[in-house]
Amino acid sequence: MDNPNQNAQNVISMSDYNPDTGFAAIAQVEAYWEALRGTRLLPKRADIDPRGIERALENAFIIERIAPGIARLRVAGSHLSDLMGMEVRGMPLTALFGPGARRQVADTLEEVFQTPATSLMHLSAPGAMGRAALEAQMLILPLKSDLGDVSRALGCLVSKGEIGHAPRRFEITRHDMRKIIAGVGPAVTPTAPATAPAPTPEAAKGFAAPKTEFAGKA
């Protein structure tokens, strides 16, 4: 798993997939994942080649499930580091969210890995002194490891607006889950309501990451 050596036949370019939306990177990553998946239940982590999502690399990330409800960022594009004002690799995904949203994020991660399902979260970060309000979307798409367990996920985070003073953390305004069925596209499930919110970066360098052994479910 997490093997940087990629076979050229795994490269499925989605660079021209650019619908009329401010979240084109989200659409590109999802289309790439679906193309890799084909009729399988899920693609593998080893299938992911950064050349296939070249225009979305700064927004893309890979997470690893390390315990129930906890996933850490193994690879992350520069946009995530810009939002936090620091290198985010190794940090939990919940670090990108305010305290009031973290429980829902943890529950979402478990549903993504255990069902499996895809997740699209609509996010917002309130404005303040030196900070404009941000609108964002985060997509999470599950992946299999080389061992066959669903413990990795490909993701994409896009925000609209000036970042201003970092760190910027998000609340969830809307949340869509889609159950995955082998041989067909993901089946839509009811939209999950958002919970009420509580009162120097480096450029992306591809998706190569060191290999680690999966320790099993906590």
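Over which residues does pLDDT stay under 50, with 35 contacts beyond four places in sequence in the model? The stretch is residues 3-20. Here pLDDT is the predictor's confidence in each residue, from 0 to 100, and contact means heavy atoms within 4.5 Å. Residues 187-206 also stay under 50, and the model has 39 contacts beyond four places in sequence for them. The chain has a mean pLDDT of 83. A value of 70 or more is reached by 74% of its residues.

The model is predicted, so local features need pLDDT of at least 70, side-chain atom pairs count only at pLDDT 80 or more, and totals for chains, interfaces and linings use all residues. Residues are numbered from 1 along each chain as its sequence is written, and side-chain values use heavy atoms, with hydrogens and water left out.

Helix α1 covers residues 24-37. Helices (H or I, at least four residues) and strands (E, at least two) are DSSP runs, numbered from the N terminus. The expected span of a helix is 1.5 Å times one less than its number of residues. For the 14 residues of α1 this gives 20 Å, which agrees with the 20 Å between its end C-alpha atoms. The helix is largely enclosed by the rest of the structure, because 11 of its 14 residues are buried. Buried means under 20% relative accessible area, exposed over 50%, and partly exposed in between (1.4 Å probe, protein chains only). Among the buried residues of α1 are A24, I26, Y32, W33 and R37. Their cover includes β3 (117-125), β4 (134-144) and β5 (150-160). After α1 comes G38, with a positive phi near 60°.

Strands β1 (residues 60-67) and β2 pair in the antiparallel sense over 6 bridges. Two strands pair if DSSP finds at least two bridges between them. The hairpin of β1 and β2 has 2 residues between the strands. In this hairpin, G69 takes a positive phi near 80°. Strand β2 (residues 70-76) is mostly covered, with 5 of its 7 residues buried.

Two cis peptide bonds can be described. One joins T115 and P116, with omega about -15°. P116 lies in the loop between α3 (102-114) and β3. Another joins A166 and P167, with omega about 5°. P167 sits in the loop between β5 and β6 (171-179).

Side chains of opposite charge can pair when their charged atoms come close. A salt bridge is a side-chain nitrogen of Lys or Arg within 4 Å of a carboxyl oxygen of Asp or Glu. By this rule the count is 10. D49 and R51 form one of them, at 2.8 Å from N to O. D49 counts as buried, at 2% relative accessibility. R51 is partly exposed, at 47%. R72 and E64 meet at 3.1 Å, N to O. In that pair, R72 is partly exposed at 29%, whereas E64 is buried at 5%. R89 and E87 meet at 3.0 Å, N to O. R89 is partly exposed at 42%, and E87 is partly exposed at 29%. A network of salt bridges links E64, R72, R74 and R152.
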